[in-house]
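Q: I'd like to learn how to read a protein model. Can we go through one together, feature by feature?

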Amino acid sequence: MTCHLVALCFDANDPLRLARFWAGVLSWEMADDPQDGIALLPSDDTGFRLRFLPTQDEKAGQNQMHFDLTSTSLEGQHQTVARSLGLGARHIDIGQRPEEGHVVLADPEGNEFCVIEPGNNFLADCGFIGALACDGSQDVGYFWSEALGWPLVWDQNQETAIRSPHGGPKITWGGPPLMPKTGKNRLHFDLAPPVHGDQQAEVDRLVSLGATRIDIGQGEVSWVVMADPDGHEFCVLTPR
């Protein structure tokens with residue numbers, strides 16, 4: 001039995017402030033987190049929570065993952081942008097072209113996200129979080145499809161996407177050229193086996209799919225830190 005995606009984790013210099021920002025953007029509820037962070041619980045079919053974990057490290061370089069937020073109208077897109085700016089976001093330039101219809105923003109700690117224009121066919125059947133867009137190879141898309149048991153919903157020109165059978169956002173990988181990795185990723189996945197599953201067996205399965213165990217200085221903890229075939233960190237928690 002495959003593990004499930006429990007959370008997308010943000011390393012945050014001010015977890016409470018960042019959690020409040022995303023709670024305001026997404027209209028999700030805040031909750032205490034068992035690992036000294038703050039969590040947001042989805043109010044839709046997203047299927048995983050957001051966790052904000054304290055770090056002293058400053059953000060360096062562009063993130064390897066970002067949200068694509070959808071719009072059903074131009075007015076709705078403008079409202080999302082205005083709400084985000086009012087909560088502390090700012091416009092940024094990451095090389096997008098003027099003719100592109102999406103708006104690129106950064107949250108209060110510089111984490112990039114996009115507000116997509118209406119009429120985007122690829123995200124047409126998705127909710128407000130249309131996609132978690134990742135930098136990554138075709139092979140890493142295949143890895144995560146197997147790791148989570150989510151089917152591929154896109155596989156063309158080395159670009160891949162998967163989606164939970166229960167709906168929610170797509171997770172996409174853009175293929176080459178890949179961005180250089182600069183230190184530990186600011187965002188990472190937390191996975192967990194089901195309640196009656198086995199953490200070590202799941203770690204072994206993920207290794208067989210191409211993951212590796214890594215040491216980022218975590219010390220003696222209950223979770224296992226791993227990297228996917230592209231070297232991006234993720235954690236395997238105890239069963240839940």
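Q: In β16, which residue is the bridge partner of D190?
A: The general idea comes before the case: strands of a sheet pair through backbone hydrogen bonds, either parallel or antiparallel. Here, D190 has C235 in β16 as its bridge partner. Strands are DSSP runs of E, at least two residues, and helices are runs of H or I, at least four residues, numbered from the N terminus. This is a predicted model, where local features need pLDDT of at least 70, side-chain atom pairs count only at pLDDT 80 or more, and totals for chains, interfaces and linings use all residues. Residues are numbered from 1 along each chain as its sequence is written, and side-chain values use heavy atoms, with hydrogens and water left out.

Q: Which residues have the most contacts inside the largest nonpolar core?
A: In soluble globular proteins, nonpolar side chains tend to be buried together. A nonpolar core is a set of buried Ala, Val, Leu, Ile, Met, Phe, Trp, Tyr and Cys residues joined through side-chain atoms within 4.5 Å, with buried meaning under 20% relative accessible area (1.4 Å probe, protein chains only). In this model the largest core has 48 residues, and the ones with the most contacts inside it are L8, W22, L50, F67, W144, F189 and F234. Helix α1 (residues 15-26) gives the most to this core, with 7 residues.

Q: What does L8 touch?
A: Contact means heavy atoms within 4.5 Å. Leaving out residues up to four places away in sequence, L8 touches F48, R49, L50, R51, M65, F67, L132, L187, H188 and F189.

Q: What volume does the largest pocket have?
A: On a 1 Å grid over the protein atoms alone, a pocket is an open set of points where a 1.4 Å probe fits, with protein on both sides within 12 Å along at least five of seven lines; lining residues have an atom within 4 Å of a point. The largest pocket has a volume of about 910 Å³. It is lined by 35 residues, and H66, D68, A133, T172 and G174 are the closest to its centre.

How values were computed: Buried < 20%, exposed > 50% of the residue type's maximum accessible area, 1.4 Å probe, protein only. Points joined across faces, edges and corners; volume = space filled by probe spheres on them. Pairing = 2+ DSSP bridges.
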